[in-house]
Amino acid sequence: MEAVVYSNFRNNLKSYMKKVNDEFEPLVVVNKNPDEDIVVVSKDEWDSIQETLRVMRNEYLSTKILKGLASFQEGQLEEHDLLEVNDD
């Protein structure tokens with residue numbers, strides 16, 4: 001994860017915003033006071049983080065995902081035909 005000092009970030013805001021969006025990598029913006037450091041992420045990355053948190057806070061979903069992952073890692077796989085859904 002790249003880090004940049006606040007003044008450089010401020011002076012080159014547009015290019016840093018483009019870089020964060022294009023490279024899907026967070027950017028740490030550091031200040032003289034470390035308590036004021038921030039992390040900049042793209043909106044798509046932020047939305048992804050929020051969705052992951054939402055799923056992990058849902059006990060039913062997170063348990064189902066972890067069970068599925070364990071089954072996959074143990075080679076317990078089943079093949080199914082795809083069903084067509086008619087939206088009429």
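**Salt bridges in the predicted model**

Lys43 and Asp47 lie four residues apart in helix H3 (residues 43–57), so about one helical turn separates them. Their side chains form a salt bridge, with 2.8 Å from N to O. A salt bridge here is a side-chain nitrogen of Lys or Arg within 4 Å of a carboxyl oxygen of Asp or Glu, and by this rule the count is four. This is a predicted model, in which local features need pLDDT of at least 70 and side-chain atom pairs count only at pLDDT 80 or more, while totals for chains, interfaces and linings use all residues. Residues are numbered from 1 along each chain as its sequence is written, and side-chain values use heavy atoms, with hydrogens and water left out.

**Pairs within a helix**
- Helices are DSSP runs of H or I with at least four residues, and strands are runs of E with at least two, numbered from the N terminus.
- In helix H2, Lys18 and Asp22 are four residues apart, about one turn of the helix; their side chains meet in a salt bridge at 2.6 Å, N to O.

- A salt bridge of 2.8 Å (N to O) joins the side chains of Lys19 and Glu2.
- Because Lys19 belongs to helix H2 (residues 13–23) and Glu2 to strand E1 (residues 2–5), this pair ties together parts that are 17 residues apart in sequence.

**Accessibility of the partners**
- Buried means under 20% relative accessible area, exposed over 50%, and partly exposed in between (1.4 Å probe, protein chains only).
- Lys43 is exposed at 58%, whereas Asp47 is partly exposed at 36%.
- Lys18 is exposed at 52%, and Asp22 is partly exposed at 46%.
- Lys19 is partly exposed at 31%, and Glu2 is partly exposed at 34%.
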